[in-house]
Amino acid sequence: MASSKEYLDFILEQLSDLDDITYKAMMGEYIIYYRGKIVGGIYDDRFLVKPVEAAVSMMPDAESELPYEGAKEMLMVDNVDNRSFLRELFDAMYDELPAPKKRK
């Protein structure tokens, strides 16, 4: 099942307090970038983020979910209605996220 554009728009609105949020559509799902780094994505209308230490400590009860078959587990963000929480989460995660890979 692909994610809906409406859910993407909702998440982007919730993240609108942050500068430099971008996304890329990929096979019916959406990868979310913060200041050029992949933070997570929207998969089957679920907002999932990479399980870096900051995300785990801010969401200790978050469920680990597979975005798609064969992928690494990610953390499900349940608190998508809280804009200030999302801003704090992304800011806390940023330094732990890997730098973007250089294209050849």
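Helix H3 covers residues 83–94, and at 1.5 Å a residue its twelve residues should span 16 Å; the C-alpha atoms at its ends are 17 Å apart, which agrees. Here the expected span is 1.5 Å times one less than the number of residues. Helices (H or I, at least four residues) and strands (E, at least two) are DSSP runs, numbered from the N terminus.

Which residues of H3 are buried? They are Phe85, Leu86, Leu89, Phe90, Met93 and Tyr94. Buried means under 20% relative accessible area, exposed over 50%, and partly exposed in between, using a 1.4 Å probe and protein chains only. Looking down the axis of H3, you will find these buried residues within an arc of 165°, so they line one face of the helix. The arc is taken from the directions that run from the helix axis to the C-beta atoms. The cover over the buried residues includes helices H1 (5–14) and H2 (53–58), along with strands E1 (21–26), E2 (29–34), E3 (37–43) and E4 (46–49).

## About the model

This is a predicted model, in which local features need pLDDT of at least 70 and side-chain atom pairs count only at pLDDT 80 or more, while totals for chains, interfaces and linings use all residues. Residues are numbered from 1 along each chain as its sequence is written, and side-chain values use heavy atoms, with hydrogens and water left out.

## A look at Val49

Val49 lies in strand E4 and is buried, with a relative accessible area of 0%. Leaving aside neighbours within four places in sequence, the contacts of Val49 (heavy atoms within 4.5 Å) are Val39, Gly40, Ala55, Met59, Met74, Leu75, Val77, Phe90 and Met93.

## Salt bridges

A salt bridge here is a side-chain nitrogen of Lys or Arg within 4 Å of a carboxyl oxygen of Asp or Glu. The count comes to five salt bridges. In one of them, the side chains of Arg83 and Glu13 meet at 3.1 Å, N to O. Arg83 lies in helix H3 and Glu13 in helix H1, so the pair ties together parts that are 70 residues apart in sequence. Arg83 is partly exposed at 28% relative accessibility, and Glu13 is partly exposed at 44%.

Arg46, buried at 15% relative accessibility, forms a salt bridge with Asp44, with the closest N and O atoms 3.8 Å apart. Arg46 also forms a salt bridge with Glu65, where the closest N and O atoms are 2.5 Å apart. Arg46 lies in strand E4 and Glu65 in strand E5 (residues 64–65), so this pair ties together parts that are 19 residues apart in sequence. Through shared partners, salt bridges join Asp44, Arg46 and Glu65 into one network.
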